[in-house]
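Good morning, and thank you for coming.

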Amino acid sequence: MVSRRDLLRGLAAGVSAVNPAWATALQQLTTPATDKVADRFALVYPSSVRLGGFLGERCRKNEQARLLTKSESDLLSGFQRRPTQEAGKQAWIGEHAGKWLHAATLAWVYTGDAELRAKLDRVVSALLATQKADGYLGTYADDQHWAMGREQKWDVWVHKYDLLGLLTYAQYTGDARALEAAKRIGNLLLANFGVGGPLDINERSTHVGMASGSVLEPIVLLYRATGDQRFLDFARLIVDKWEAANGPKLASQLAGNVPVNRTADGKAYEMLSCLVGLCELYRATGEARYLNPVLNAWLDIVNNQLLVTGSGSSAEHWTEARQYLSSVNDKVAETCVSVTWIQLNQQLLRLTGNAKYADELEKTFYNHLAAAERPDGAAWCYFTAHDGRKPYQTEQNCCTSSGPRAWAMLPTFAYQTTDDGFVINCFGPSTATLKWKDGKTVTIRQETNYPVEGRVVISVTVPEPLKFALRVRVPAWSQLSGIKARPGDYWLLRQTWSKTQTLVLDFALPVRLAMGSGAQSGRVAVLRGPQVLALDEQFNPDLKPFAAVALTSAAPKLKTNVGLRDADGLPVYETEGVVTRDTGQHRAGDRATLRLTPFAAAGATGKELAVWLGAASG
């Protein structure tokens, strides 16, 4: 395994041959701060993984149809033509550049695409050319920096995404200009909001301080990259400021098990962003007071807020417990929420090695994230309901900028490393080429048609006999016959590996029903393996309205319709149903064939969809 320190030293050596001035600045990256808590599962370099199948195709289309085609003018205009408060411009327009840099950098490292790298370099150079002498990299007029008006309260938020994008780019390219620009942003934030600074970070924020407070994550990353103690001290101060009279009181409220919908103003995206930052601060300090609120919030979300498809929120806020709203009018599951939920589970998986977080990641990637993205990768939904039509958009907004980040992060989740070996979190045709101790290469390959089929053939190839542990996730909904591994845990193989050894897994892909509650009381959703299924008007044109059909069995059997495929090329399944009331084409009691497709592609052609169905009577 290659350590981050060795990686950065290699980058510095390469840069010094090209530009000694850059190398001098980059040298600071080679002495990062040491975390107090080591990750149980470590991220892998994105290029060490190759994904195929459904997930691999979504990653490829994300890069080709969204990141590569993104207008550079849209990303940069807010910085190049300040101010941007004229009609039609978003107050947070500056966030898009940082989000794109984060996603595009990870995607470039994954694919090595030269065109994307050239675009990255152009965007970074143009962005840095707009940075003010004092480090300001926002989109407001000179006399409006950090102002009190609602429009200006997104200024710290924009700098958060500047930092995330620039630090990611610096980490993987070795471009010291980006690191230096990030440091200047950090110094400016310290001067204004740090100890003795003239401004209150809660006042310069929407959502009771959570928007500005979410700068916590990149401030800890900046500390880690530079080793500058001032940034860690500032991170602690941000959390302390949350407890002020005008703050969100995130740490104290969540540590005291106050529900997420009653904490601050219940704004889901900003709250999750702050929780991701708390994970980073815990990793840096080892202080449990930063992690405990996160664990409590996670439990509350899973037990009371999380939709069966792996996201949550209505009109961008957490709801009353177990309401589970699902219609288009409910503005269900903002894509920014889906992405930050993925980030939070990735953080907790790294910190704990607990498979329950990997289960949540699989659920969201296969269902709500994929459903929010049009299968061709070019458009996204802001909200993605369980019932109705998907309102895909191509224009620039917070969600069309957030969604691509999640797909770009996927390769670092699919496989991970531990001190004693390797982890397989994600199933699908793929190859991981990973480094073991002393630089020896271990290749792990999966041959499978997952999630259509449960058979997964895993081959492990080593150059010489090597002893290490391999952890293979067993999804909570499945089981492996003949293998001592509990569903919802990892199958641990600690052995000496030689040449190429093959493991054959046969996951059951049970068809099961999720019983609805709240708004879905008395209804059911059909699940198969990791996927939630849905009715799609494209394949069920004579069954409208969908609210008038129900399953005929509490244990439905699915049959594959070999002549039909959804927009991802995955099968369409059939099961028996019944019409429950008179419609234009059917009478109550008529039998009907229900055709179900994965929620990911349901409604991709603009037709109506429905996840929740009537339950079988009797």
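Before the first residue, one term is needed: a strand here is a DSSP run of type E with at least two residues, and strands are numbered from the N terminus. Please also keep in mind that this is a predicted model.

With that term in hand, let us begin with T443, which is found in strand β8, residues 441-448. Is T443 buried or exposed? Its relative accessibility is 17%, and the limit for a buried residue is under 20%, so T443 counts as buried. Setting aside residues up to four places away in sequence, T443 touches T431, A432, T433, S459, V460 and T461.

T263 lies between α12, residues 250-255, and α13, residues 268-285. T263 counts as buried because its relative accessibility is 0%. Beyond its neighbours within four places in sequence, T263 is in contact with P248, L250, Q253, L254, V258 and M271. From T263 to V302 there are 39 residues in sequence and 16 Å in space, C-alpha to C-alpha.

I turn now to the nonpolar cores. The largest has 181 residues, and L166, L189 and L344 are the members that touch the most others. Helix α13 supplies the largest share of this core, 12 residues. As for L344, its contacts, not counting residues up to four places away in sequence, are L272, L275, V276, C279, V294 and W298. Another core, of 12 residues, lies apart from the largest one; among its members are A525, V532, A534 and W612.

V532 and A534 bring us to strand β15, where both residues belong to one covered side together with D536, while Q531, L533 and L535 form the other, and all of them are buried. How enclosed is β15 by the rest of the structure? Six of the six residues of this strand, 531-536, are buried, so β15 is largely enclosed.

Which strands pair with it? Strand β14, residues 523-528, is antiparallel to β15, with two bridges, and L527 stands opposite V532. Two residues separate β14 from β15 in their hairpin, and there G529 takes a positive phi near 60°. Strand β19, residues 591-598, is also antiparallel to β15, over three bridges; here L535 faces L596. Finally, β20, residues 609-610, runs antiparallel to β15 and is joined to it by two bridges, with L609 as the bridge partner of D536.

The next topic is a pair of helices. Two packed helices are described by the angle between their axes and the distance between the axes. For α16, residues 355-372, and α17, residues 398-414, the angle is about 140° and the axes are 12 Å apart. The crossing of α16 past α17 is left-handed. On the α16 side, the contact involves A358, L361, E362, F365, L369 and A370, which meet G403, A406, W407, L410 and F413 of α17. By type, these residues divide into nine nonpolar, one polar and one charged.

Last, there is an open sheet of four strands, in the order β5-β6-β10-β11 and with mixed pairing. Its edge strands, β5 at 415-418 and β11 at 489-497, each pair on one side only. On average, neighbouring strands are turned by 20° against each other, direction ignored. Strand β5 runs antiparallel to β6, residues 421-424, through four bridges, and Y415 stands opposite I424. Helix α17 packs on this sheet, touching β5 and β6, and its direction makes about 45° with that of β5.

Terms used. Residues numbered from 1 in each chain as written. Predicted model: local features only at pLDDT ≥ 70, side-chain atom pairs only at ≥ 80, totals over all residues. Heavy atoms only, no water. Axes fitted to C-alpha atoms, helices over the stretch in contact; angles between N-to-C directions. Left-handed = near helix turned anticlockwise from the far one by under 90°. Contact = heavy atoms within 4.5 Å. Nonpolar A, V, L, I, M, F, W, Y, C, P; charged D, E, K, R; others polar. Pairing = 2+ DSSP bridges. Buried < 20%, exposed > 50% of the residue type's maximum accessible area, 1.4 Å probe, protein only. Core = buried A, V, L, I, M, F, W, Y, C linked by side-chain atoms within 4.5 Å.
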